[in-house]
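Hi everyone, thanks for coming. Please take a look at the sequence and the structure on the screen, and then I'll walk you through a few parts.

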Amino acid sequence: MNPEPQNVLDYHGNNTIFMVWEFKQDTDVTTAFQKACALVINLNHSGNTRFPDSGATCVMGVGHDAWHRLGLPSPLPKELENFVPVVGATHTAVSTRGDLHFHLRGGGSSICYDMAAAITAVLAPVATSIEEVHGFRYWDGRSILGFVDGTENPQGDERAHFGLIGDEDPVYKGGSYLFVQKYIHDLSAFNALPVEEQEKVFGRHKWNDVEMPDDIKPANSHSALANVGDDLKVIRDNMPFGNMSSNEMGTYFIAYASTFSTVKKMLNNMFIGSPPGNYDRLLDFSTAKTGTLFFVPSATFLDNIGSGLPPLGGSSADDTGNDNDDDKAVVPNDGSLHIGSLKKGK
Ligand code: HEM
């Protein structure tokens, strides 16, 4: 049976909370992680039952170092690594830490708040929340810069093709690479541009969201550089956020992809430029403050851990019929889930 993916293919909710957590040093984190896995499954089932129309979903991603610390299966998902910064001559895509990432979506902000509170209750004893962004749907799906964000996303069946791992990494089928960046915009500078100049930054028209023809679209526009080909796409779920008192207006960039190399290609084009030096003009008005890669295992994987089973299937008990209680321990007290072997067992 194919593993059930987490809700990475859902369309935007009207409200979102993004949370990044870092595990505390010298703390046993395995029991809390096991509880978090069970909680994610619970929250999604509950959201589906309580709000079948608007949806309320929770997606959890795990960082490279956390994967090792938790003793999750080895070999790792093929492209899971600590994000290496992309350094251009003018702008840099920085790399920042993160052990767990939560993407909470809902029709209203109450359900997002409740999901965040439930997750915090489980994780706070063993981890610190190092980033929390509350995103909202801005008018008809616009970024805070005023341009509709998400139009060229894959639609329909294409979403699973570009968003989920398939047979190329069979062990992690149904999983996804998750890359996030928190951008802060220089809104005053952007809004000071005449609309025609703003449109050249994106390569699209502002009010009707129509793409400029190729012979007019500038080579350093966002859509010219971020488009790396029809067979290389990702699922973007960006949300705007804004805080007047701290003057922090931004975009939480979030992409789910079947291959991280596709995201890297886009980042190289944007930050280094194509050809090098022809970098994305959007970056003159947007600074990446964070940048972290996570892996989103399938829901089946999380469900197994939450139920005390090996994440990739099988039983925690000895298949040979040996009922020795020692064989059933999946979460021993030595800081490891003892599930690192793909061959299952201890
Ligand atoms: C400052 C943060 C960003 C903002 C405000 C932003 C906004 C937008 C907007 C308004 C569009 C045009 C409409 C659409 O198709 O969605 C767009 C397109 C796109 N963006 Fe971004 N974006 C940001 C960062 C990124 C990053 C970091 C990547 C990739 C790593 C990316 C990848 C893409 C792609 C692939 C497209 C579609 C291009 C096409 O096929 O025409 N964006 N973005």
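Let me start with a term: a residue is buried if 20 or more other C-beta atoms lie within 10 Å of its own, exposed if 12 or fewer, and partly exposed in between, with C-beta atoms placed from the backbone. Helices (H or I, at least four residues) and strands (E, at least two) are DSSP runs, numbered from the N terminus.

A quick note on the source: residues are numbered from 1 along each chain as its sequence is written. This is a predicted model, where local features need pLDDT of at least 70 and side-chain atom pairs count only at pLDDT 80 or more, while totals for chains, interfaces and linings use all residues.

Now, helix H9, residues 299–306: how many of its eight residues are buried? Seven are, so to speak, under cover. Among them are Phe-301, Leu-302 and Ile-305. Helix H1 (30–50) and strand S2 (56–63) are included in what covers the buried residues of H9. After H9 comes Gly-308, with a positive phi near 80°.

Finally, confidence: pLDDT, the predictor's confidence in each residue, runs from 0 to 100. The chain's mean is 91, and 90% of its residues reach 70 or more. Over residues 316–335, though, pLDDT is below 50. Where pLDDT is low, the predicted coordinates should not be read in detail.

Methods: Contact = placed C-beta atoms within 7 Å.
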